[in-house]
Amino acid sequence: MLYGFLGPNGAGKTTTIRMMLSLIRPSAGQAYVLDESVFSSAAAAQGALRRVGAVIEEPAFWRWLTGRKNLECFANAGGPAPDRRARVARIDEVLATVGLRSAADKRVKAYSQGMRQRLGLALALLGDPEVLVLDEPTNGLDPQGMREFRMLLRRLADAGTTIFVSSHLLGEVEAMCDHVGVLAQGKLVAQGPPSELRKRTDTVRVEVDDRLRASEVLADLTGVKVRDEQVRASSHSTMYTLALTGDATPAQVNGRLVAAGVKVGALIPEQASLEDVFLTLVEGADVPR
Amino acid sequence: MFRVELAKAARRWRTWLLAAGGAAMPILIVVSLLLSDPPGPGEGPPFLSLVVHNGLFASFTSLVLVVPFFLPLATGLLAGDSIAGEASNGTLRYLMVRPVGRTRFVLAKFGSVMALVVAGVLVLIAFGVAAGGLAYGLGPVPTLSGSTLSFAGGLVRLLAAGGYVALSMAGLAAIGVFISTLTDSGPGAAAATVIVAIVSQIVDALPSLSAVHPYLLTHQWLAFGDVVRSPVAWGSIESGVLIGLSYTAVFLLAALARFSRRDVTT
C-alpha cells in the first residue's frame, strides 16, 4: 500500500511526520503508529519506531565516513543486540536494492545528491521496516532517478510494505499512490484513492442564455464553485466552468437552472485532474498565498 | 551508541589533530630545554626546572601548560559539538528515529567526549615520559618536599595527576554537553563552553571576587601538582575532586532533563 500525503508547502506535512516519529510533541492529542500510541511512553514510541524506516526531508549522514560505514554506525547506534546484528547483516542487501553497491566504500562527502538520496532510502530500509515514512523523497532527483525511485517504491509496496510518502508534487502522487490524503492548513481535508478523489470534484461547463439569472442560481447551489465565465457575444450566451464538490452533480445543476427558467445550451462534464481537486480543496481551506 | 561514537571519532581528522597536539606539547618542552641552559628553580612554569633531573616531569610540566587553555579548548570543542553538531548535520533526527533512547544518547555523548579527553591526557603523559626519559633519563623521582620516590611510585602519582585532570575536564564536558542540548549550532555551543572555562579563570583571578572562588569550576584545576608532595597534600585535591564531581553531576542531569523533552526540528 502506497499512501500519498499531499499538501502545499507549509500545510504541515513535515510537522505531522515529525510527530508520528516522536521527534516533536504535540500540544494535545495522540498519534498511533503500528497500533502503538507514540506519546504515551518512550518505550511505546521506541517499539513502534524499530519497525519503521524513515527519510525525513533530506537524508543526512556523517560526511567523513563511507556510505557503508554510515549504515553500520546507524545499525549499531541503538536497539537490542539481535536487532543491531540483523541490520548490519542487511547492509549489502539494501545497498544493492538502491543500486549503491559500487559506491558503498566512497566517503559520503563525494556522493552526488541523487546518491545521498538513495543512501537515505537504504538507511530507511535497513531495519526491514513494516512501514516506510518518506518525506519529500524525490527532492533533488532527476527525472530518470524519480522514475527508478517510483518503481522501487512500487515493488516494496507490492511486497507488503506500507509506504507513507509526502509530497507537494501532484503528478508524482497521482502516478504512484493507491491512497491519497490532502492536508491544508494542518487539517486533513480529503482522503481516498486518487480515482475517487477525482470524482469528488468534477468540472462541468455549462452554456446559458441568461447570465444574471444563472449566476444567482449557481451562487445558491452548495458544492458549486464558478471557476471561470466567458461571455460569448456571437451567440449571446455565457459559458461557465464550474467545479463541483461533495454531492453536487451535473444533473442537479442542470435541473436547477432549467427550473429557474434559464435555457441551458450545453452541459459538458469534464473529468477533473487531481490537480483541480487539489486546488479546489486547498482553496476551500483558505490557504494564504 | 558509545562504541559508534568512538568509531566515528577514530575516522575523523580533528581527533588525530587534537591527539597530535597532546603529543607535541611534551616534545616541545623537552626540545626547548635541550636547546637552552637549564632553568633555575622557580623559573618558567611549575616543574620545568625538575625536568632535567627526571624525564617524568616533562609530563607534569605539559599538564600544567595544557590545563588552563589547550585542554579546555579541546574538551569544549568536543562536548559543545557533541549533540548540537548532530542536530545541525541532520543526523540527530535519524539517530532519534533509529531509535536511540534519549538518556542513552546523552550519556554516550558525554562518555565518548570523556574517553577522548582521557585518551588525550594519556597520549600527553606517554609522550612526556618517552621524550623526557630519552633526553634526561628516568629514575627515582624527587618530590617537592625534598624526599624521593621510586620511579614506579612517581609513575603512579603521574597517572593520578592525569586522572585528576580528566576529572577536572569532566565538569567542563558536562557543561558543554548541556549547552549542546540548548542549540542547533555546534560551533556556537563549542565556543560557549570554552568561554565558560575562560570566564571562570578570569573571575578566579580577580581578588575582589574571592568569595566565589572556592566554587569556581576552574579554581583547583592546577592542584594536581600536590601529588608530588610527600606526603600528598590532599586539601586542594579533595576540594577539586568535589568541584569536578558536583559540576559533572549537576550539568549532566540538566542535559538529560533538557534533552528528554526537546523537540528535534532540524
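Q: Which residues does B:Val177 touch, not counting residues up to four places away in sequence?
A: In this predicted model, B:Val177 touches B:Ala79, B:Ser82, B:Ile83, B:Val106, B:Lys109, B:Phe110, B:Val113, B:Leu252 and B:Ala255. Each counts as a contact because its C-beta atom lies within 7 Å of that of B:Val177.

Q: What makes B:Val177 stand out in the largest nonpolar core?
A: That core has 144 residues, and B:Val177 is among the four that touch the most other members, along with A:Ala122, B:Ala173 and B:Ala174. A second, separate core of 15 residues includes A:Val206, A:Ala243, A:Val253 and A:Leu257.

Q: Why is strand 7 of chain A called mostly covered?
A: Five of the six residues in strand 7 of chain A (179-184) are buried. Buried means 20 or more other C-beta atoms within 10 Å, so five residues of this strand reach that cut-off.

Q: How do you know that strand 7 of chain A pairs with strand 1 and strand 8 of chain A?
A: Pairing needs at least two bridges. Strand 1 (residues 2-6) runs parallel to strand 7 and is joined to it by four bridges, one of them linking A:Tyr3 to A:His179. Strand 8 (residues 187-192) is antiparallel to strand 7, with five bridges; here A:Gly181 is partnered by A:Gln191. Both counts meet the cut-off, so both pairs qualify.

Q: What phi does A:Gln185 take in the hairpin of strands 7 and 8 of chain A?
A: A:Gln185 has a positive phi near 55°, in a hairpin with two residues between its strands.

Technical notes
Residues numbered from 1 in each chain as written. Chains lettered and ligands numbered in written order. Predicted model: local features only at pLDDT ≥ 70, side-chain atom pairs only at ≥ 80, totals over all residues. Buried ≥ 20, exposed ≤ 12 C-beta atoms within 10 Å, placed from the backbone. Core = buried A, V, L, I, M, F, W, Y, C linked by C-beta atoms within 7 Å. Contact = placed C-beta atoms within 7 Å.
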